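The following exercises are to be worked with the sequence and the model at hand. Each task is followed by a solution in steps.

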Amino acid sequence: MIRSFINKFGPTLYIQIWENRIRVVDVESNEVFDEKPLLQIETRKNGAKHVTAFGNNAYISPVNPFSHPRSLLRDFFIGERLLQEIVKKLVGKKFISLAPAIIVHPMEKIEGGLTMIEIRAFREMALGAGARDVAIYQGKGTLEPSTINFKEIVKQEEMLALE
C-alpha cells in the first residue's frame with residue numbers, strides 16, 4: 001500500500017520506437033537514452049541467457065526486437081528485456097528507484113493505426129520492463145517532453161479505443 005502511494009511520484013518515461021532507433025526521455029530530468037535498439041545476449045554453459053550489452057554497445061551478434069518487414073515489434077521477449085535495461089539505466093541510478101509511468105510511441109509501420117494486438121503487446125512489454133502505468137501514443141509527430149501530460153495521453157488513448 002505504501003509502495004503504491006510512493007510510486008505515484010515516480011518518473012514518466014517517453015519511449016519512441018523506430019526500427020533502427022529507440023529514444024527514451026525521462027520527462028522530469030530530461031535524461032535521454034538515444035541509441036540503436038540492440039540487445040547482446042550470451043548463453044551460459046548451464047543454458048541461462050545473460051544480457052552482456054545493449055544499445056550501441058551491442059556489437060557481437062546483436063538482436064533487434066523491432067526489425068520486421070510487416071510490424072514494428074518482431075520479438076516481444078527481447079523487446080521487453082531491452083526496455084528493462086534502458087529503464088534500469090535511466091531510473092535505477094537513483095537512491096530510491098520508483099516505478100515509472102511509461103508512454104510508448106511507435107514511430108513507424110503504423111499506417112492505419114495499431115491493431116489491438118500491437119497495443120496490448122507494447123503495453124505488456126512496458127509493464128514487464130517495470131512500468132507502474134502505460135499509455136500508448138499513436139499521434140503524429142513527436143511529443144515535447146516538457147509538455148507531456150500522462151493523464152491527457154491516457155484519455156486520448158481511451159477515446160481512440162472507443163472509435
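**Exercise 1: The hairpin**

Task: Describe the hairpin that strand 2 and strand 3 form, and state which residue in the turn has a positive phi.

Solution. The model is a predicted one.
Step 1. Strand 2 and strand 3 form a hairpin in which 5 residues lie between the two strands. In the turn, Asn-30 has a positive phi of about 60°.
Step 2. The pairing of strand 2 with strand 3 is antiparallel and extends over 4 bridges.
Step 3. Within this pairing, Glu-35 of strand 3 stands opposite Ile-22.
Step 4. The two faces of strand 3 are then separated: Phe-33 and Glu-35 belong to the covered face, whereas Val-32 and Asp-34 belong to the uncovered one.

**Exercise 2: The sheet and its helices**

Task: Determine in what order the strands form the open sheet, and identify which strands helix 2 touches.

Solution. 
Step 1. The open sheet is formed by 5 strands in the order 3-2-1-6-7, with mixed pairing.
Step 2. Strand 3 (32-35) and strand 7 (133-136) each have a single partner strand and stand at the edges, so one side of each lacks a neighbour in the sheet.
Step 3. From one strand to the next, the twist averages 15°.
Step 4. Strand 1 (residues 12-18) pairs with strand 2 (residues 21-26) in the antiparallel sense, over 6 bridges. Here Ile-15 has Val-24 of strand 2 as its bridge partner.
Step 5. Helix 2 (residues 76-91) packs on the sheet and touches strand 1, strand 2, strand 3 and strand 6 (101-106). The direction of helix 2 makes about 145° with that of strand 3.
Step 6. Helix 4 lies across strand 1, strand 6 and strand 7, and runs at about 55° to strand 7.

**Exercise 3: The pockets**

Task: Then state which residues line the second largest pocket.

Solution. 
Step 1. At least two lining residues come from each of helix 3 (116-128) and helix 4 (150-162).
Step 2. By class, the lining of the largest pocket comprises 7 nonpolar, 2 polar and 4 charged residues.
Step 3. In the second largest pocket lies about 190 Å³ of space. The residues lining this pocket are His-105, Pro-106, Met-107, Ile-110, Glu-111, Gly-112, Gly-113, Gln-138, Gly-139, Lys-140 and Gly-141.
Step 4. The lining of the second largest pocket divides into 3 nonpolar, 6 polar and 2 charged residues.

Technical notes
Residues numbered from 1 in each chain as written. Predicted model: local features only at pLDDT ≥ 70, side-chain atom pairs only at ≥ 80, totals over all residues. Heavy atoms only, no water. Nonpolar A, V, L, I, M, F, W, Y, C, P; charged D, E, K, R; others polar. 1 Å grid on protein atoms, 1.4 Å probe; cavity = no way out; pocket = protein on both sides within 12 Å on 5 of 7 lines; lining within 4 Å. Points joined across faces, edges and corners; volume = space filled by probe spheres on them. Pairing = 2+ DSSP bridges. Axes fitted to C-alpha atoms, helices over the stretch in contact; angles between N-to-C directions. Contact = heavy atoms within 4.5 Å. Buried < 20%, exposed > 50% of the residue type's maximum accessible area, 1.4 Å probe, protein only.
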